[in-house]
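Please look at the structure below before reading on.

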Amino acid sequence: MIDFNRVTVTYPGTAAPAVEDFSFHFARGKTTALVGPSGCGKTTLLRCVNRMVEPASGAVSIGGENIAGRNPVQLRRSIGYVMQNSGLLPHVTALENVAAVARLSGASKVEARECAAQWLETVHVDPALFKRYPGELSGGQAQRVGVARGLVADPDIVLMDEPFGAVDPVVRRELQQEVLGLQERMAKTIIMVTHDIEEAFYLGDEIVLLSDHAHIEQHGTAEEFITRPANEIVEHFVGMEHRKVRVAERDGKRLVVDAQGNIVALLED
């Protein structure tokens, strides 16, 4: 679906490339999580897909077509984008934030508002909040609106840049579960950037762990990362030293505990 072929990106005024000779195939209908430390090139790769960043060399293709030949505005309108802190327009309501994207995709004003309302309900935004401005929403509510905005045009590709990094852990897990449910129904091609390996394991069909200059240390499933880490860098980032567990019995209950004896989980009978 999306192919990077030896892509290098160097920002003006910097000697070292942000991304160097990166090649990877992002599969259609799957969620691929890009994970790694700050500054390793995750967001740069994401922004290459919608031509917000142009490679110095190499090529990015979608469906076999080099996107360098596509109109960048039309390309961006065909791709959903969900960012950290929602990125909503502060001067229009939640409903209008979502409807604006539908209008850009060719819907009439009435159609856009109807479609926006449907998507807001899909991501469990209370209709009572539709007429509120972003500043009147909680972080979780605003992020749900951001997800609806990213999906309202029914794009084949959705880019997510740290989409849940600014919300509390409870809301974060709720939003993660909703994205999983939506993906099961819609099978979008999702590229998600995250610093959180647990989020990558939870949401990613495939995980790509990057180091400096977007060098791929390992890619594969969560199971492969846990059972067959490629090197010490992967082991350290995944936290393998904290993932060794055993079963213990306490007060008649069978528990999973870590190496320090801390309770990790309760085993069901």
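How many residues of domain 1 are in contact with domain 2, and how many of domain 2 with domain 1? In this predicted model, 14 residues of domain 1 touch 13 residues of domain 2.

**Domain layout**
- The domain assignment divides the chain into domain 1 (1-70 + 157-238), domain 2 (85-155) and domain 3 (241-268).
- Between the C-alpha centres of domain 1 and domain 2 the distance is 25 Å.

**Buried area**
- The size of an interface is often expressed as the accessible area lost when the parts come together.
- For domain 1 and domain 2 the buried area is about 1100 Å², with 62% of it on carbon and sulfur atoms.
- On the domain 1 side, the residues that lose the most area to domain 2 are Glu178, Leu182 and Lys188, which together make up 35% of what that side buries.

**Salt bridges and polar contacts**
- Three salt bridges are counted between domain 1 and domain 2.
- Arg144 and Glu178 form a salt bridge, in which the closest N and O atoms are 2.4 Å apart.
- Glu178 is also among the residues of domain 1 that lose the most area to domain 2.
- Six residue pairs are in polar contact across the interface of domain 1 and domain 2, both residues being at pLDDT 80 or more.

**The domain 1 side**
- Two or more residues each come from β7 (157-161) and α6 (169-186) on the side of domain 1 that touches domain 2.
- Of the elements on this side, α6 gives the most, with seven residues.
- By residue class, this side of domain 1 has 10 nonpolar, no polar and four charged residues.

Notes. Residues are numbered from 1 along each chain as its sequence is written. This is a predicted model: local features need pLDDT of at least 70, side-chain atom pairs count only at pLDDT 80 or more; totals for chains, interfaces and linings use all residues. Side-chain values use heavy atoms; hydrogens and water are left out. Domain bounds come from an automatic or database domain assignment. Contact means heavy atoms within 4.5 Å. Buried area is the accessible area (1.4 Å probe) that two parts lose on being put together, summed over both. A salt bridge is a side-chain nitrogen of Lys or Arg within 4 Å of a carboxyl oxygen of Asp or Glu. A polar contact is a pair of N or O atoms within 3.5 Å; within protein, one must be able to donate a hydrogen and the other to accept it, and residues adjacent in sequence count only if both atoms are side-chain atoms. Helices (H or I, at least four residues) and strands (E, at least two) are DSSP runs, numbered from the N terminus. Ala, Val, Leu, Ile, Met, Phe, Trp, Tyr, Cys and Pro count as nonpolar, Asp, Glu, Lys and Arg as charged, and the others, Gly among them, as polar.
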